[in-house]
Amino acid sequence: MGYRELYMKKALGFLVSLLCICWYGWHYDIVAALQQSAARITFATMAVYTVLTAFHMVIRGTRWWLFSGVDASIGKHTEAIFAGALVTTLLPARAGEIVRPAWIERKNSARFAHCCASVVAERGIDLWCILVLAVCSVGPAYIGTIKSLITITVLTVGLLTGIWCRHWYARVARMVVQRLLPARIAAPLVRFIEHGVEGLSEIARPKVFASVLLATCCSWGYAIWTFYYAGVLFGFDISMYQGLVLLVLTSLAIALLSGPGFIGGYEAGCSGAV
């Protein structure tokens, strides 16, 4: 990617964030909200919340280490998570997700496509978890218990199919690439696809997959608790269930509006949830 394209994407991300902030400011009194928050927040409480957030990164690094297939420590994976979070703060469209495999590749001589595949698998599991949490939190009230269970089953089958049928999907992708693109372009893409399939081989092992699901439950359970703690910290009288709804809606908002640092989208999601 050239510098011009990079700056264009960065400018677009800031524009999206600015529009979200304008919408937020139009509907809410930002100054009053900041003054109210400042009256409740102390250095000690912010320090505690910062440590909790950092520990969540360690949990994510541990989960990634379980199935990445890269000969690197948990610390190296967590280091890549922090590097990706830093870049995501500066650039839009979750650019940090590209930095993570690039960081691991440079530090541990791993294949970029291999690492990318593990990041895609990780985000796929996170998306599955968000959707399942969304269905569990609001589904029974809107679509009923039976339809909620059917939806969760369909999401789970889709996740399992994506992992265990990866070779079939890769075969189809190779066929499409080789037929539609010139050989000089298709060849590196085919190699990238093959290395990507290798990157998913570790998570396809049942024991590893079970460990990853357990780590995912711990990660999102911890995230629910930190959102609940943040709500209490800012003076909201919320329950753990309301913290779950807050996390789900905010996660969906920043997935759709991925500006730099999730500015605007995060605030819009929190406001809508509250």
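Let's start with helix H3, residues 43–67. Helix H3 has 25 residues and reaches 37 Å from its first C-alpha to its last, close to the 36 Å expected at 1.5 Å a residue. That expected span is 1.5 Å times one less than the number of residues. Helices here are DSSP runs of H or I, at least four residues, numbered from the N terminus.

A word on the source. This is a predicted model, where local features need pLDDT of at least 70, side-chain atom pairs count only at pLDDT 80 or more, and totals for chains, interfaces and linings use all residues. Residues are numbered from 1 along each chain as its sequence is written, and side-chain values use heavy atoms, with hydrogens and water left out.

Back to H3. Which of its residues are buried? Among them are Thr45, Tyr49, Leu52, His56, Arg63, Trp64 and Phe67. Buried means under 20% relative accessible area, exposed means over 50%, and partly exposed is in between, with a 1.4 Å probe and protein chains only. What do the buried residues pack against? Five partners: helix H4 (74–90), helix H5 (96–108), helix H6 (112–142), helix H9 (183–199) and helix H10 (206–233). Just past the end of H3, Gly69 has a positive phi of about 75 degrees.

H10 next. Its 28 residues should span 40 Å at 1.5 Å a residue, and its end C-alpha atoms are 40 Å apart, so the two agree.

Now the charges. The structure holds eight salt bridges. The criterion is a side-chain nitrogen of Lys or Arg within 4 Å of a carboxyl oxygen of Asp or Glu.

Take Glu122 and Arg63. Their side chains meet in a salt bridge at 3.0 Å, N to O. Glu122 is in helix H6 and Arg63 in helix H3, so this pair ties together parts 59 residues apart in sequence. Both Glu122 and Arg63 are buried. They also belong to a network of salt bridges linking Arg63, Glu97, Arg100, Glu122, Arg123 and Asp126.

Next, Glu198 and Arg111. Their closest N and O atoms are 3.0 Å apart. Glu198 sits in helix H9 and Arg111 in the loop between H5 and H6, so the pair joins parts 87 residues apart in sequence. Glu198 is partly exposed, at 37% relative accessible area. Arg111 is partly exposed too, at 44%.

Last pair: Arg205 and Glu202, with closest N and O atoms 2.7 Å apart in their salt bridge. Arg205 is partly exposed at 46%, and Glu202 is partly exposed at 24%.

Methods. Helices (H or I, at least four residues) and strands (E, at least two) are DSSP runs, numbered from the N terminus. Contact means heavy atoms within 4.5 Å.
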